[in-house]
Amino acid sequence: MSEWLDQPARDLAGALRTGSITSEAVTAELLARIDARNAPINAVIHLDRERALDQARERDRQREQGEHRGVLHGLPMTVKDVWEVAGMPTTAGSSSLQAHRPKRNADAIQRLEEAGAIIIGKTNVPLFASDLQTYNRLFGVTNNPRDLGRTPGGSSGGAAAALAAGMTPLEVGSDVGGSIRTPAHFNGVFGHKPSRDIVSLRGHIPGPPGTLTQPDLAEGGPMARTADDLALLLEVIAGPRPHEGPQWQLSLPAPGFSRLDQVRVATCFHDPASPVADALTRHYEDLATRLADAGTSVSRAEHEWLDHRQLMPLYHNLLGSLLGTGFRPKQRRQLRLMGYMLRLFGRWMRMPPGLEQYILGVNQPVLNWLQHSEQREQARAALVQDLFGTADILLTPVTPTTAIPHNRSQPMFRRKILVDGRERPYTDQMHWIALATTLGLPATSAPVGVDENGLPFNIQIIGAPGQDRATIEFARLMEEQGLSGFRPL
């Protein structure tokens with residue numbers, strides 16, 4: 001049975017559908033594997049064993065009677081502990097929510113269950129999903145299964161670590177600061193940040209429980225060990241919010257290519273404001289050469305919005321406005337004072353590119369937010385016309401390095417990372433993901449190799465708005481040609 005747990009989720013779901021294996025057996029085996037593997041990693045922080053096994057037996061009974069709920073019928077899986085699952089603790093890593101057991105599923109979870117999936121438990125996150133590493137006082141630190149001394153990333157770090165360690169076949173993450181793409185990169189799995197607003201975030205914490213408003217910048221998306229499984233899961237979770245369903249339906253266009261030699265690729269691997277480790281850059285350049293050898297049209301991307309010095313102030317401003325809604329009055333006052341100091345002494349404070357706009361964005365008037373949002377829409381339109389008019393795919397790094405060592409020092413903005421032995425701001429890890437987040441573009445994080453220390457790294461595949469199937473299909477084609485793929489532990 002254990003060999004089934006390492007198969008693609010689509011194959012496992014197919015075996016469950018035909019009755020080659022039973023949901024009860026798979027669920028019991030997966031629970032046993034989590035018991036055997038989770039302790040040193042600490043990715044799975046809650047299991048609802050009895051309910052999972054009861055649901056598995058019910059799915060088997062339904063199959064035997066000819067009932068089929070959907071493409072995930074009988075498939076057990078975990079979900080990131082920011083998604084509300086009815087009757088299951090949903091804490092977002094906060095002790096203040098330790099007793100929160102929602103009575104209603106998040107929309108994305110409801111779509112999973114309607115497709116027949118069995119949610120067996122939750123995976124760890126940083127406090128309120130607000131860090132690039134995964135730890136909190138409630139459940140402790142999650143380690144990277146490739147190297148326990150390093151982080152699996154955040155905020156979907158527990159999800160990515162559980163996938164890499166074979167403790168779940170699928171996961172649902174969420175992403176505003178690279179929280180799907182970076183953990184996928186650090187753990188060598190696949191992740192996809194969808195086009196804006198195609199996956200409902202009702203029932204996601206943050207915001208507060210009960211919130212119906214779709215937040216700016218943030219998206220929920222699939223994580224898996226194959227590109228095809230990303231497509232499978234996105235098809236399940238994407239769609240209108242229930243109260244909007246009668247008015248519209250989602251129909252993502254099919255990719256405009258079916259082979260690598262039909263794809264037009266633009267690459268952007270360098271930016272002086274966001275240096276990437278030389279070894280990673282060489283790997284990315286080599287990948288571009290191998291794609292060209294496979295017949296792909298490869299060129300270097302050029303566009304003003306690919307310049308991080310122009311992009312990052314806009315991204316940080318909008319991010320500050322979003323995250324500032326959850327700050328306490330004291331925190332807002334402190335940032336207002338810091339914003340005043342920036343106006344007086346900003347050029348001497350040597351802050352990372354654009355970060356001063358985060359501080360100003362927290363307290364800015366609505367008029368200022370509208371001006372920045374309009375700037376975003378102008379940039380989105382320009383990029384779609386100028387770059388994606390001549391390219392199907394944009395390839396970029398995900399972060400400047402492979403998985404970083406654990407660093408829980410405070411305050412967070414003073415942390416550093418090392419890029420080729422040189423100290424860089426911790427927030428550099430958000431630079432390469434900012435384009436797709438700011439402009440609401442689909443972005444797939446696909447594993448394309450390991451470094452000299454055996455740590456995996458991914459490439460970021462960005463597409464035009466709504467071209468989610470194209471970015472995932474490009475990852476699948478690379479996987480098919482041996483240019484991408486998950487490497488088991």
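**Before you start**

Because the model is predicted, local features are reported at a pLDDT of at least 70 and side-chain atom pairs at pLDDT 80 or more, while totals for chains, interfaces and linings use all residues. Residues are numbered from 1 along each chain as its sequence is written, and side-chain values use heavy atoms, with hydrogens and water left out.

**Stop 1: the aromatic rings**

Select Tyr284 and Phe457, which form an edge-to-face aromatic pair with 6.0 Å from centre to centre and 85° between the planes. Rings of Phe, Tyr and Trp (its six-membered ring) count as a pair if their centres lie within 6.5 Å, and the pair is called stacked if the planes are under 30 degrees apart, edge-to-face if they are over 60, and tilted for the rest. Tyr284 belongs to helix H8 (residues 278-293) and Phe457 to strand S15 (residues 456-462), so the pair ties together parts that are 173 residues apart in sequence. Helices (H or I, at least four residues) and strands (E, at least two) are DSSP runs, numbered from the N terminus.

Are these two residues buried or exposed? Tyr284 is buried, with a relative accessible area of 1%, and Phe457 is buried too, at 2%. Here buried means under 20% relative accessible area, exposed means over 50%, and partly exposed lies in between (1.4 Å probe, protein chains only). A search of the whole structure finds 2 aromatic pairs.

**Stop 2: charges over rings**

Select Arg225 together with Phe486, and you will find the charged end of Arg225 over the ring of Phe486, 6.0 Å from its centre. For a second example, select Arg408 and Tyr135, where Arg408 lies over the face of Tyr135 at 5.9 Å from the ring centre. A charge sits over a ring if NZ of Lys or CZ of Arg is within 6 Å of the ring centre and within 35 degrees of the ring normal.

**Stop 3**

Show helix H4 (residues 107-114) and helix H7 (residues 227-237), which pack at an angle of about 110° with their axes 8 Å apart. The axes are lines fitted to C-alpha atoms, for helices over the stretch in contact, and angles run from 0 to 180 degrees between N-to-C directions. That angle makes H4 roughly perpendicular to H7; angles under 35 degrees count as roughly parallel, over 145 as roughly antiparallel, 65 to 115 as roughly perpendicular, and the rest as oblique.

Which residues of H4 and H7 meet? On the H4 side they are Ala108, Arg111 and Leu112, and on the H7 side Leu233, Glu235, Val236 and Ile237. Contact means heavy atoms within 4.5 Å.

Staying in helix H7, select Asp228, which is partly exposed, with a relative accessible area of 28%. Leaving aside neighbours within four places in sequence, Asp228 is in contact with Arg10 and Glu479. To look back at the first stop, note that Asp228 and Tyr284 are 56 residues apart in sequence and 22 Å apart in space, C-alpha to C-alpha.

**Stop 4: the loop between S7 and S8**

Select Pro206, which is in the loop between strand S7 (190-193) and strand S8 (219-224). A cis peptide bond joins Ile205 and Pro206, with omega about -5°, and another cis peptide bond joins Pro206 and Gly207, with omega about 5°. Asp197, found in the loop between S7 and S8, has a positive phi of about 70° although it is not a glycine. Most residues other than glycine have a negative phi, and most peptide bonds are trans. Asp197 is partly exposed, with a relative accessible area of 36%.

**Stop 5: a buried cysteine**

Finally, select Cys268 in the loop between strand S9 (264-267) and H8. Cys268 is buried, with a relative accessible area of 10%, and its contacts, leaving aside neighbours within four places in sequence, are Ala301, Leu306, Leu394, Leu395, Thr396, Pro397 and Trp432.
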